[in-house]
Amino acid sequence: ADLALGEEVFSNNCAACHMGGNNSVQVEKTLRKAALEQYLEGGFNQPAIIYQVENGKNAMPAWGDRLSEEEIEAVAAYVFKQVRVGRRKNGGSCHLQCS
């Protein structure tokens with residue numbers, strides 16, 4: 001997946017609620033690994049992230065009709081990698097769990 005595209009999609013669509021890996025609507029449902037393991041249907045993996053982005057859940061809107069399949073796969077890969085790594089190491093902007 002294209003991680004640069006994923007970062008762009010995250011910045012333009014997800015960061016309003018999820019900047020810094022947080023959740024401005026439901027504070028306990030962050031993009032931290034423990035929260036994703038607990039709240040994401042299917043656990044912490046890319047297919048589960050793709051499903052959540054496409055279909056939404058509770059306060060999170062569905063993006064399946066607003067983003068292309070390529071954009072959804074890219075943002076899911078970006079989120080998965082950022083959460084797994086824990087911080088951005090190659091400079092640039094910092095959206096998830098940066099230290």
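**View 1. Asp 65, at 69% relative accessibility, counts as exposed**, **and Asp 65 forms a salt bridge with Arg 66**. The model is predicted, so local features need a pLDDT of at least 70 and side-chain atom pairs count only at pLDDT 80 or more, while totals for chains, interfaces and linings use all residues. Residues are numbered from 1 along each chain as its sequence is written, and side-chain values use heavy atoms, with hydrogens and water left out. Exposed means over 50% relative accessible area, buried means under 20%, and partly exposed lies in between (1.4 Å probe, protein chains only). Arg 66 counts as partly exposed because its relative accessibility is 48%. The closest N and O atoms of Asp 65 and Arg 66 are 3.8 Å apart, and a salt bridge needs a side-chain nitrogen of Lys or Arg within 4 Å of a carboxyl oxygen of Asp or Glu. By this rule, the count comes to one salt bridge.

View 2. Read along the sequence, the pattern is α-α-α-α, where helices (H or I, at least four residues) and strands (E, at least two) are DSSP runs numbered from the N terminus. Of the 99 residues of the chain, 38% count as buried.

**View 3. The largest nonpolar core holds 22 residues, among which Phe 10, Ile 49 and Val 53 touch the most other members**. Helix 1 (3–18), helix 3 (46–55) and helix 4 are the elements that give two or more residues to this core, and helix 4 gives the most, with eight residues. Such a core is a set of buried Ala, Val, Leu, Ile, Met, Phe, Trp, Tyr and Cys residues joined through side-chain atoms within 4.5 Å.

**View 4. Asp 2, Glu 8, Glu 54, Glu 69, Glu 70 and Glu 73 gather in a patch of negative charge on the surface**. Patch residues have over 30% relative accessible area and no salt bridge, with like charges joined within 9 Å, and the place of a charge is taken as CG of Asp or CD of Glu. Helix 4 (residues 69–85) gives the most to this patch, with three residues. Glu 69 has its place in helix 4, and Glu 69 counts as exposed because its relative accessibility is 58%.

**View 5. Asn 58 has its place in the loop between helix 3 and helix 4**. The phi of Asn 58 is near 55°, a positive value in a residue other than glycine. At 59% relative accessibility, Asn 58 counts as exposed.

Definitions and conventions
Patch = residues over 30% accessible without salt bridge, like charges linked within 9 Å, V, L, I, M, F, W, Y side chains within 5 Å. Areas by Shrake-Rupley, 256 points an atom, 1.4 Å probe, with all protein chains shown as cover. Lys, Arg positive; Asp, Glu negative; His and termini not counted.
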